[in-house]
Protein chains: 4
Amino acid sequence: MARSREKPPPSAAVSEPESSGASVRHAHGVDPQIKESNLKRLRRIEGQVRGLHKMVEEDRYCPDILMQVASVQEALKGVSRELVRNHLSHCARRALKGSDTEAQSAIDELVAVWSKHAG
Amino acid sequence: MARSREKPPPSAAVSEPESSGASVRHAHGVDPQIKESNLKRLRRIEGQVRGLHKMVEEDRYCPDILMQVASVQEALKGVSRELVRNHLSHCARRALKGSDTEAQSAIDELVAVWSKHAG
Amino acid sequence: MARSREKPPPSAAVSEPESSGASVRHAHGVDPQIKESNLKRLRRIEGQVRGLHKMVEEDRYCPDILMQVASVQEALKGVSRELVRNHLSHCARRALKGSDTEAQSAIDELVAVWSKHAG
Amino acid sequence: MARSREKPPPSAAVSEPESSGASVRHAHGVDPQIKESNLKRLRRIEGQVRGLHKMVEEDRYCPDILMQVASVQEALKGVSRELVRNHLSHCARRALKGSDTEAQSAIDELVAVWSKHAG
């Protein structure tokens, strides 16, 4: 899975070396309810995607498949919304309270995420 | 999986009773390349969604997860685009060539699908 | 205003030379109610955009402006939806009834429009 | 123009009574380059919307109009992106540095704006 940027911002994330030697970034804080509800949603979405595979395999009527794709997209939007909420409450808040450099880096990152999701 | 409308339009789809007694609608025609490429995409998307689940489980940095969600959504848009192409080439073309009632029904359905995906 | 493609498809549009010498494409048919409601919407949207200009000029609170931008985008989606409906009912229907070449050209064009609006 | 919420959050915006007696919210800070570029964009968008009106009036080919609508939508996304950047740099940063109540209110507002734009 591609990382969105090579150099993590100064402080908004916690970087740790992985066993593989690569470094992954972690959240400073995660609300347990957000985490649990997102894990549930993602399980359900995985099942919906398998359902889509089956519909395509069975030559189901395209508008019926398209309506299902839209419903998966909606479900993913729900996941994103909660990730944004969590990010703002923890890492982003921490970074925006920090130095101007830290804040600027967090703002650039948030605008990049916005841009990827809202255009 | 919910069906988007109770009564299928007169002729754009082929309705068949399922073993369960419920009726599902099938496409009149499916381009083999579209089908194969969509099946491949959906397998990859299923893996990406599992990857998202793992990222959430490991408290990965939210913007990194959000970038991955956006990439799943992009991949789903690719699936939709091909489904639209297939639908226009087969079922919709057939219906639009048919009677005014058949054509109107196919147009209403396409506008509903458009609306669900493009707003 | 840029034209989306240099060569118009064989028959889905009516091409006419303009006074300037350039050729513009026209619809084969336009539903009068769709036309009238779209003209009204676009007048309203023009006013909304002027309102946005004023809000920016007056340093209004960004989330308040952002909510207004979203409402302009919603209104534009309404316009698009009606344009799609009109196109399917007239030019696209005509082209899809035509030769395979005409149909293919109309399908490619519809997929391009879909792609631009739904991704 | 409708206000998105009746009660402004404690501190993210500056509320002032208008001559009409109604209160409008203002930004705490606006980057002059963002303001100027957004004013320019909005003037251009206003012209594009007038162009759309003319295209509809002249029964122009629907896919050509639809491509223009998409380009207006793109331009509006550019305006939103800059408004988000400005908001994060000024009002949101200020609120996120504040008390938990102020921060929570700013986060709720940002999630609502996200939701309206990204779904």
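D59(A) and K35(B) form a salt bridge in which the closest N and O atoms are 2.9 Å apart; the term denotes a side-chain nitrogen of Lys or Arg within 4 Å of a carboxyl oxygen of Asp or Glu. The pair crosses between chains: D59(A) lies in the loop between helix 1 and helix 2 of chain A, and K35(B) belongs to helix 1 (residues 32-57) of chain B. Helices (H or I, at least four residues) and strands (E, at least two) are DSSP runs numbered from the N terminus. Side chains of opposite charge can pair when their charged atoms come close.

This is a predicted model, in which local features need pLDDT of at least 70 and side-chain atom pairs count only at pLDDT 80 or more, while totals for chains, interfaces and linings use all residues. Residues are numbered from 1 along each chain as its sequence is written, chains are lettered from A and ligands numbered from 1 in the order in which they are written, and side-chain values use heavy atoms, with hydrogens and water left out.

Over all chains, the structure contains 48 salt bridges, and 6 are found across the interface of chain A and chain B. Between these two chains there are also 19 residue pairs in polar contact, both residues at pLDDT 80 or more; such a contact is a pair of N or O atoms within 3.5 Å, where within protein one must be able to donate a hydrogen and the other to accept it, and residues adjacent in sequence count only if both atoms are side-chain atoms. On the side of chain A that touches chain B, helix 2 of chain A gives the most, with 19 residues.

The area buried between chain A and chain B is about 5300 Å², 70% of it from carbon and sulfur atoms. Buried area is the accessible area (1.4 Å probe) that two parts lose on being put together, summed over both.

The largest pocket has a volume of about 1200 Å³. Among its 40 lining residues, the closest to the centre are K77(A), H117(B), K77(C), H117(C) and H117(D). A pocket is an open set of points on a 1 Å grid over the protein atoms alone, where a 1.4 Å probe fits, with protein on both sides within 12 Å along at least five of seven lines; lining residues have an atom within 4 Å of a point. Grid points are joined across faces, edges and corners, and the volume is the space filled by probe spheres set on the points.
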